[in-house]
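Here's a quick briefing to go with the model below. Have the viewer open while you read, and we'll go topic by topic.

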Amino acid sequence: TTTPRIGDILQKLAPFLKMYGEYVKNFDNAMELVKTWTERSPQFKFIIQDIQKEKVCGNLTLQHHMLEPVQRIPRYEMLLKDYLRKLPQDSLDWKDAEKSLEIISTAASHSNSAIRKMENLKKLLEIYEMLGEEEDIVNPSNELIKEGQILKLAARNTSAQERHLFL
């Protein structure tokens with residue numbers, strides 16, 4: 001009540017939000033593992049269902065709880081933008097809140113970048129499997145730029161052959 005500020009607090013905590021990028025990168029895999037083990041192991045399924053019945057879970061599934069951290073950074077960013085819109089510019093918290101927003105936006109960007117990298121690796125893995133797993137293209141330094149149908153023109157007789165190109 002003496003100093004109604006949140007910008008300074010968020011500014012101190014915001015750098016830790018970058019670690020959410022790692023969580024986000026592994027999110028799809030974690031969700032798939034929960035699904036797989038729920039289907040494979042009746043004991044695992046029973047334990048998960050038993051835990052989800054607990055009052056502390058608020059009638060939400062494990063998957064709902066796992067989704068919360070993925071939504072956290074964008075939610076902080078949105079709330080902080082709204083806070084700054086309503087905060088008078090001469091407020092003592094203005095500079096700290098603005099700096100916090102800058103740090104949180106960077107964390108959100110980092111998280112989005114991690115998502116894009118994982119999606120790219122998944123796509124490369126799909127292509128690798130589609131090509132018969134002969135040429136190992138799955139590497140974090142590789143990036144799928146474009147794919148699609150092209151026509152290959154023969155130099156001798158100018159006949160056209162359809163090909164699928166991965167760039």
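Does Ile 6 count as buried, partly exposed or exposed? With a relative accessibility of 38%, Ile 6 counts as partly exposed. Keep in mind that this is a predicted model.

- You'll find Ile 6 in the segment that comes before α1 (7-13).
- Setting aside residues up to four places away in sequence, Ile 6 touches Tyr 83 and Asp 93.
- Tyr 83 also turns up among the α4 residues that meet α5.
- Ile 6 and Ser 100 are 94 residues apart in sequence, yet their C-alpha atoms are 9.2 Å apart in space.

**α4 against α5**
- Helix α4 (residues 62-86) packs on helix α5 (residues 94-130) at an angle of about 155°, and the two axes are 9 Å apart.
- Angles over 145 degrees count as roughly antiparallel, so that is the label for α4 relative to α5.
- The handedness of the α4 and α5 crossing is left-handed.
- On the α4 side, the residues in contact are Ile 73, Tyr 76, Glu 77, Leu 80, Lys 81, Tyr 83 and Leu 84.
- Their partners in α5 include Trp 94, Ala 97, Leu 101, Ile 104, Ala 107, Ala 108 and Ser 111.

**Ala 107, a buried spot in α5**
- Ala 107 is part of helix α5 and counts as buried because its relative accessibility is 1%.
- Beyond its neighbours within four places in sequence, Ala 107 is in contact with Leu 17, Lys 18 and Ile 73.
- Leu 17 is 90 residues from Ala 107 in sequence, but the C-alpha to C-alpha distance is 6.0 Å.

**α2 against α4**
- The axes of α2 and α4 come within 10 Å of each other and cross at roughly 160°.
- That angle makes α2 roughly antiparallel to α4.
- Residues of α2 that make the contact are Tyr 20, Tyr 23, Val 24, Phe 27, Ala 30, Met 31 and Val 34.
- From α4 come Leu 62, Gln 63, Met 66, Leu 67, Pro 69, Val 70, Arg 72 and Ile 73.
- Here, too, the crossing is left-handed.

**Rings and a charge**
- The count of aromatic pairs comes to one.
- That pair is Tyr 23 with Phe 27, at 6.3 Å centre to centre and with 45° between the planes, which makes it tilted.
- Why are Tyr 23 and Phe 27 about one helical turn apart? They're four residues apart in helix α2 (residues 20-40), so about one helical turn separates them.
- Tyr 23 counts as partly exposed at 31% relative accessibility, whereas Phe 27 counts as buried at 13%.
- Elsewhere, Arg 40 has its charged end over the ring of Trp 37, at 5.5 Å from the ring centre.

- Which way does the phi of Asn 59 go, positive or negative? Asn 59 has a positive phi of about 60°, although this residue is not a glycine.
- Asn 59 belongs to the loop between α3 (42-52) and α4.
- With 76% relative accessibility, Asn 59 counts as exposed.

Methods:
Residues numbered from 1 in each chain as written. Predicted model: local features only at pLDDT ≥ 70, side-chain atom pairs only at ≥ 80, totals over all residues. Heavy atoms only, no water. Phe/Tyr/Trp six-rings, centres within 6.5 Å; stacked < 30°, edge-to-face > 60°. Helix = DSSP H or I, 4+ residues; strand = E, 2+ residues; numbered from the N terminus. Buried < 20%, exposed > 50% of the residue type's maximum accessible area, 1.4 Å probe, protein only. Lys NZ or Arg CZ within 6 Å of the ring centre and 35° of its normal. Axes fitted to C-alpha atoms, helices over the stretch in contact; angles between N-to-C directions. Parallel < 35°, antiparallel > 145°, perpendicular 65-115°, else oblique. Left-handed = near helix turned anticlockwise from the far one by under 90°. Contact = heavy atoms within 4.5 Å.
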